[in-house]
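Please look at the model below. The paragraphs after it go through selected parts, one at a time.

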Amino acid sequence: MMYPDVRPRRLRTTPAMRRLVAETVVRPADLILPLFVREGLDEPRPVPSMPGVVQHTRDSLRKAVTEAAHAGLGGVMLYGIPLRKDEVGSGGTDPDGILNVALRDVAHEVGDATVIMSDLCLDEFTSHGHCGVLAADGTVDNDATLARYAEMAVVQADAGVHLVGPSGMMDGQVGVVREALDEAGHTDVGILAYAAKYASAFFGPFRDAVESSLEGDRRTYQQDPANLHEALREVELDVAEGADLVMVKPALPYLDVVAAVRAAVHVPVAAYQVSGEYAMAEAAFVNGWLDRDRTILETLTSIRRAGAQQILTYWALEAAALLRAAY
């Protein structure tokens, strides 16, 4: 064979040709939009470290979820921000707490038109900002926290959620939540397990968005960024306990983990393009250092290529419009 008899560039000649042979395709239905709702607001409040992201009022949240459904997104993930916090995160299990009220609002507004998901964790509701109940020595009490998660799951299911997202990285959380949901008659409510959630520096802007009260760090329960095999063990345990989907968080710095998890399990795999990933790119866009549309689609394609079937991203609505234009 004489060069250049083989010409791979033939398959890159036009946009239509490139679409024809694309190995990885992202659809709007693959995208999940995280949304924040804050108690006591009269109008949406911008999150300074996350340009374009707001803390919603109950009314603006309903509109945002309706827009997400009309855009064909796969779902929305809701986070609640209460006015008052306490040591055990009572607002998370209060049926009239902001997150549970918002879930009822959204379920009434869109029904089954999109998948309604909710963060199942106490960190937004605790005065100390940790994801669980503290023991006398100040450490997070795993088993006491599980009891709170079980109660929280049932309250969220009563409010109309389709998927609960236990994100605290407590040992046994998926099994306890599954048992609580089933005993309460919510056998159709699924579990999106934050199975490999790393103790990441990329969570900083999110903590602004939820007005976190965190004291210290979460390294005793979130994954060590150095470890892959430990993450696979966590994923394996969550699947065995009844997880319907598993998630890796963050996404871009952990694409190797996403790929390894995809190869290891036979349930859908999600990845969360977190606040720090979003904020970094937004800063580059403002400075003219990166092309906005191309960067958004390239990052999402890379996450999808690594094996994530569902992607949580703050660009979900914008990306859906770009994808419709491209395809």
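The axes of helix H2 (residues 58-70) and helix H3 (residues 98-110) come within 9 Å and cross at roughly 45 degrees; axes here are lines fitted to C-alpha atoms, for helices over the stretch in contact, and angles run from 0 to 180 degrees between N-to-C directions. H2 is therefore oblique to H3, since angles under 35 degrees count as roughly parallel, over 145 as roughly antiparallel, 65 to 115 as roughly perpendicular and the rest as oblique. The crossing of H2 past H3 is right-handed (left-handed if the near helix is turned anticlockwise from the far one by less than a right angle, right-handed if clockwise). On the H2 side, Arg58, Leu61, Arg62, Val65 and Thr66 meet residues of H3, among them Ile98, Val101 and Ala102; contact means heavy atoms within 4.5 Å. Helices (H or I, at least four residues) and strands (E, at least two) are DSSP runs, numbered from the N terminus.

This is a predicted model, in which local features need pLDDT of at least 70, side-chain atom pairs count only at pLDDT 80 or more, and totals for chains, interfaces and linings use all residues. Residues are numbered from 1 along each chain as its sequence is written, and side-chain values use heavy atoms, with hydrogens and water left out.

H3 also holds Asn100. Asn100 counts as buried because its relative accessibility is 0%; buried means under 20% relative accessible area, exposed over 50%, and partly exposed in between (1.4 Å probe, protein chains only). Not counting residues up to four places away in sequence, Asn100 touches Gly91, Gly92, Thr93, Asp94, Pro95, Val155, Gln156 and Ala159.

All five residues of strand E8 (residues 245-249) are buried. Leu245, Met247 and Lys249 lie on one side of E8, with Val246 and Val248 on the other. E8 pairs in the parallel sense with strand E7 (residues 190-197) over five bridges, where pairing requires that DSSP finds at least two bridges between two strands. In this pairing Ala196 stands opposite Val248. E8 is also joined by three bridges to strand E9 (residues 269-272), again running parallel, and here Val246 stands opposite Val269. Together E8, helix H8 (residues 255-264) and E9 make a right-handed β-α-β unit; right-handed means that, with the strands pointing away from the viewer, the path from the first strand over the helix to the second runs clockwise.

The loop between E8 and H8 contains Pro250. A cis peptide bond, with omega about -5 degrees, joins Lys249 to Pro250. Both Lys249 and Pro250 are in contact with Tyr198, a residue in the loop between E7 and helix H6 (204-209). Is Tyr198 buried or exposed? Tyr198 is buried, because its relative accessible area is 0%. Its other contacts beyond four places in sequence include Phe203, Pro225, Tyr254 and Val257. Tyr198 and Tyr221 are 23 residues apart in sequence, and their C-alpha atoms are 9.0 Å apart in space.

Two loop residues remain. Most residues other than glycine have a negative phi, and most peptide bonds are trans. Met169, in the loop between strand E6 (163-166) and helix H5 (173-183), has a positive phi near 60 degrees. Met169 counts as buried, because its relative accessibility is 6%. Glu211 has a positive phi near 55 degrees and is found in the loop between H6 and helix H7 (229-241). At 28% relative accessibility, Glu211 counts as partly exposed.
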